[in-house]
Amino acid sequence: MSNEIQKGKEVAYYSAIVQAWINTRMECDKSLLTLSAAALGLIVTLITSVGINSILLAIFYTASVFFFLFALIVGIKIFRWNSEYLEKIAKDEQEEEECWEKCLKKWDKRLFWSFIAGVSFMLIVGIIYGKDHFNQSRCDEMENKKSKQNNQKTIRLEQSIGRFDSGLLNLKN
């Protein structure tokens, strides 16, 4: 009896491990799928609110959209393929099971690296916007300084002209 109990525990343990592995793998794919969809929404929002002011930004935005869209499509396909893979496991089709497993691992890697590439391109876009904003604020500061200096020079000039005019009036009298 104890041998049967031990086998039952081993089966339950193996079942729990397989279930945890499947859930973990699915959660990772689900997270990448959700984040890719959110990133596409963020990109659209940025483009409509901030705009694209250079060809370089357009290239990085396009690359980012491509990689996030690719991740989104691959993520959806992986979910469909996972169900087919689980059917193969249930039917105990060993040869096809190994082929499916290799294929799914390959596409999981593509999903992950596509997401990473999309994030990388968006980071570059953020750096470019940050640099442009910093440069613009420095230019605005310089213009404000020049404007203040010009205003002060104008005031001094007006004061000098006023003194000159009053001096001329005194000479005429």
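Mentor: What follows goes from the chain to one helix and then to one residue. The model is predicted, so local features need pLDDT of at least 70 and side-chain atom pairs count only at pLDDT 80 or more, while totals for chains, interfaces and linings use all residues. Residues are numbered from 1 along each chain as its sequence is written, and side-chain values use heavy atoms, with hydrogens and water left out.

The chain has three helices and zero strands; helices (H or I, at least four residues) and strands (E, at least two) are DSSP runs, numbered from the N terminus. The order from the N terminus is α-α-α.

Helix α2 covers residues 55-90, which is 36 residues. The expected span of a helix is 1.5 Å times one less than its number of residues. For α2 this gives 52 Å, and the end C-alpha atoms are 52 Å apart, which agrees. After α2 comes aspartate 92, with a positive phi near 60 degrees.

Serine 64 lies in α2. Serine 64 has a relative accessible area of 0% and is therefore buried; buried means under 20%, exposed over 50% and partly exposed in between (1.4 Å probe, protein chains only). With neighbours within four places in sequence left aside, serine 64 is in contact with Ile43, Gly118, Phe121 and Met122, where contact means heavy atoms within 4.5 Å.

Across the chain, 23% of the 173 residues count as buried. Of the contacts with a separation of 6 or more, 79% are between residues 24 or more positions apart.
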